Amino acid sequence: MVVDDHPMWRDAVERDLQAAGLDVVAVAADGAQAIARARAARPQVVVLDLQIPEPNGVEVTRTVLEHDPSARVLILSASGEHADVLAAVKAGATGYLVKSASREELLDAVRRVARGDSVFTPGLAGLVLGEFRRLSGEGEPADDRPALTDRETEVLRMVATGMSYKQIAEQLVISHRTVQNHVQNTLRKLQLHNRVELTRYVIEQGLEVTDGDGR
């Protein structure tokens, strides 16, 4: 489902998704329409602008996911402000792209979000997580945090930036299967279910992350 209050932009995104073979089950121009149509159409992914007529994108994200926890929300916004990104992620958004993203970046993000990956505009994930850490004051590790190996922690931080298993394997010079094993072990230790929940764990714990180049 595509949600944006600008008709030309909304139509363009819908056309790009359909041209790529994706099924657009609904569109909406404001928050009220988005919530009602999401309940009726049950989209797998919601491509959502933040700055829409009330309720805004953050509230729509929260409400849609409360009704259908299996849905995935990808924010596509003109704003790259940290406060906006942080609010969206805390509400449950799986990804965040700014509108300067290319068609190819959008299509890749939609597909990855549908698979359960976290996707951010390059360079944004680390900045947002660092800001969350500052605001929350959670710089020190929690005493009751489950013990992870150094490698599991390293993989966890990479997962939080939206890197794929293949990218992580190439970065660490290990096999794809080994990455999967680390992720599964981490999920088990933390009593989580998927990569989305892992990313939220990193945010809540204030763990520092790096991008794919180690920065």
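Two strands count as paired if DSSP finds at least two bridges between them. Keep that cut-off in mind. This is a predicted model.

Strand S5 covers residues 95–98, and two bridges join S5 to S6. So S5 and S6 reach the cut-off and pair. The two strands run parallel.

Now the whole sheet. What is the order of its six strands? Reading across, the order is S2-S1-S3-S4-S5-S6. The sheet is open, and the pairing is parallel. Look at the edges. Strand S2 (27–28) and strand S6 (119–120) stand there, each with a single partner strand, so one side of each has no neighbour in the sheet.

Next, the cores. The largest nonpolar core has 26 residues. Val3, Leu48, Ile75 and Tyr96 have the most contacts inside it. Several elements each supply at least two of its residues, including helix H2 (31–41), helix H3 (57–67) and strand S4 (72–77). Helix H4 (82–91) also does so, as do S3 and S5. There is a second, separate core, with 18 residues. Leu156, Val179, Leu187 and Leu198 are among them.

Last stop: the second largest pocket. Its volume is about 210 Å³. Its lining has 14 residues, and Met1, Leu22, Asp23, Val45 and Val110 lie nearest the centre. Strand S3 (45–48) and helix H5 (103–115) are the elements that give two or more residues to this lining. Which one gives the most? H5 does, with three residues. By class, the lining has eleven nonpolar residues, one polar and two charged.

Technical notes:
Residues numbered from 1 in each chain as written. Predicted model: local features only at pLDDT ≥ 70, side-chain atom pairs only at ≥ 80, totals over all residues. Heavy atoms only, no water. 1 Å grid on protein atoms, 1.4 Å probe; cavity = no way out; pocket = protein on both sides within 12 Å on 5 of 7 lines; lining within 4 Å. Points joined across faces, edges and corners; volume = space filled by probe spheres on them. Helix = DSSP H or I, 4+ residues; strand = E, 2+ residues; numbered from the N terminus. Nonpolar A, V, L, I, M, F, W, Y, C, P; charged D, E, K, R; others polar. Core = buried A, V, L, I, M, F, W, Y, C linked by side-chain atoms within 4.5 Å. Buried < 20%, exposed > 50% of the residue type's maximum accessible area, 1.4 Å probe, protein only.
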